[in-house]
Amino acid sequence: MTEEENILTVKNLSVSFKVRNRTLNAIRNVSLNLKKSETLAIVGESGSGKSVLTRSFTGMLEANGEMTEGTVVYNGQVLSDLKKDKDWEGIRGKEIATIFQDPMTSLNPIKTIGSQIAEVVVKHQKKSKKEAKKIAIDLMGRTGIPNPDKRYNEYPFQYSGGMRQRIVIAIALACRPNILICDEPTTALDVTIQAQILDLIKELQEEYNFTTIFITHDLGVVAAIADRVAVMYSGEIVETGTVEEIFYNPKHPYTWALLSSLPQLGDKGDALYSIPGTPPSLYKEIVGDAFAPRNPFAMEIDFEKAPPFFQLSDTHFAKTWLMDPRAPEAKKPEAITNLHEHFTQLMKADTFQVFSEEGGEAVGK
Ligand SMILES: Nc1ncnc2c1ncn2[C@@H]1O[C@H](COP(=O)(O)OP(=O)(O)OP(=O)(O)O)[C@@H](O)[C@H]1O
Ligand SMILES: [Mg+2]
């Protein structure tokens, strides 16, 4: 893969936050390439740095945060050099848009839905108000809002959670972004609606051809939507690969643990596997492999020296000493040896029936 084919290139990025007099190292030495039109999923426990990493692509770090090292390059432009909020204006929303978990944070409760979409169209596509209304209604239709010309004049409170998220997606697309970052866009929605929103994002991606970064806790969602996966732990990427590589040939013991906690593996009613222990404090310097204290396969070296990335294929990299030729053989847990069966169907399916239980979103009125 040459640099030119990457729409976004992140090299050795570190991000830290000042909290009173202390420094919290949220992102440590992350490198990542995003290819045009692909869907990259970022997974990892809460606090692993998924949101902070992607916020740094749009200049949305809070005021106490800073990219301290490394570079982020988008389409040849060095974003990590941008200092002022004004400099980010041409990027944020316009080139790289983000959809967050709670649609209400992105919508204005006292403006009509339609006017909120049209406003963006006027601003970014330089259309007249009349043309913008037409485009907005069309976008509402495309994102699955029934009777869009009628519902154009309604307010956010008149929409269900799933419908509001569709509107947030419509607003994001009104700017015709090249990259769409979805930060847990379905976590607040129930399973059926989650499935519908995922279907929608997939369909729109085929139509508009944008590149997607999809942040999720749910590896089931990853199987359904992503081409490639980056697994994050304590501010680092510890394994990346295609969905197939991560699901069927995972190499990092943290990825094993994440996969073992997949709800799809449990029988109904069973307690889900959860990873014992807690991640290290990000205020302290981390010596060795950050996962070592929780890693049942940890060796002496894991507590002394951070592992490098070992390359397993053109696309598959794992940052664990277990890949060192001198390491004893460690087998992935039994529970995740036949993930293939669970996911082959899911990855091929157009719909996300695995997530759906009963019913559907009440569309229309
Ligand atoms: N403004 C801030 N000030 C201080 N620390 C912050 C700030 N924003 C994020 N952090 C810290 O950075 C780390 C990474 O946070 P981040 O929100 O990226 O995690 P995440 O992987 O997105 O988690 P979740 O799955 O819960 O959304 C966490 O330890 C978090 O507490
Ligand atoms: Mg987050």
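Reply: Gladly! Let us begin with a term: a cavity is a set of grid points where a 1.4 Å probe fits but cannot get out. Please keep in mind that this model is predicted.

Me: What is the volume of the second largest cavity?

Reply: The general idea comes first: rolling a probe the size of a water molecule over the atoms shows where empty space is left. In this model, the second largest cavity has a volume of about 40 Å³.

Me: Which residues line the second largest cavity?

Reply: Its lining is made of Ser51, Thr54, Arg55, Thr58, Thr98, Phe100, Ile181 and Asp183. Two elements, helix 1 (50-55) and strand 7 (179-183), each supply at least two of the lining residues. Helix 1 has the largest share, with 3 residues. Sorted by class, this lining holds 2 nonpolar, 4 polar and 2 charged residues.

Me: How many cavities of 30 Å³ or more are there?

Reply: The count comes to 2. The largest cavity has a volume of about 50 Å³, and Arg28, Asn29, Val30, Ser31, Glu236, Ile237, Phe309 and Lys319 line it. Strand 2 (22-35) and strand 10 (236-242) each give at least two residues to that lining. Strand 2 contributes the most, namely 4 residues. By class, the lining of the largest cavity has 3 nonpolar, 2 polar and 3 charged residues.

Me: And pockets? How should I read those?

Reply: A pocket, unlike a cavity, is an open set of points. The largest pocket here contains about 660 Å³ of space. Its lining counts 22 residues, and those closest to the pocket centre are Gly93, Val120, His124, Ile171 and Cys175. Strand 6 (96-99), helix 3 (113-125) and helix 6 (161-174) are the elements that give two or more residues to this lining.

Me: Which element gives the largest share of that lining?

Reply: Helix 3 does, with 5 residues. The lining of the largest pocket divides into 10 nonpolar, 7 polar and 5 charged residues.

Me: Cys175 is among the residues closest to the pocket centre. Is cysteine 175 buried or exposed?

Reply: Buried is the label for a relative accessible area under 20%. Cysteine 175 has 12% relative accessibility, so it counts as buried. Cysteine 182 is buried as well, with a relative accessible area of 0%.

Me: How many disulfides does the structure hold?

Reply: In general, a disulfide is a covalent bond between the sulfur atoms of two cysteines. This structure holds 0 disulfides.

Me: Let us turn to the ligand. Which residues are closest to ligand 1?

Reply: Of the 17 residues that surround ligand 1, the closest are Ser46, Gly47, Lys50, Ser51 and Val52. Ser51 is also one of the residues lining the second largest cavity. Histidine 217 uses a polar side-chain atom, which lies 3.2 Å from an oxygen atom of ligand 1.

Me: Could we finish with a contact inside the protein? What joins the side chains of threonine 212 and glutamine 205?

Reply: A polar contact of 2.9 Å joins them. Threonine 212 is part of strand 8 (residues 211-215). With a relative accessible area of 1%, threonine 212 is buried.

Notes:
Residues are numbered from 1 along each chain as its sequence is written. Chains are lettered from A and ligands numbered from 1 in the order in which they are written. This is a predicted model: local features need pLDDT of at least 70, side-chain atom pairs count only at pLDDT 80 or more; totals for chains, interfaces and linings use all residues. Side-chain values use heavy atoms; hydrogens and water are left out. A disulfide is a pair of cysteine sulfur atoms within 2.5 Å. Buried means under 20% relative accessible area, exposed over 50%, partly exposed in between (1.4 Å probe, protein chains only). On a 1 Å grid over the protein atoms alone, a cavity is a set of points where a 1.4 Å probe fits but cannot get out, and a pocket is an open set with protein on both sides within 12 Å along at least five of seven lines; lining residues have an atom within 4 Å of a point. Grid points are joined across faces, edges and corners, and a volume is the space filled by probe spheres set on the points. Ala, Val, Leu, Ile, Met, Phe, Trp, Tyr, Cys and Pro count as nonpolar, Asp, Glu, Lys and Arg as charged, and the others, Gly among them, as polar. A residue is near a molecule or strand if one of its heavy atoms lies within 4 Å of it. A polar contact is a pair of N or O atoms within 3.5 Å; within protein, one must be able to donate a hydrogen and the other to accept it, and residues adjacent in sequence count only if both atoms are side-chain atoms.
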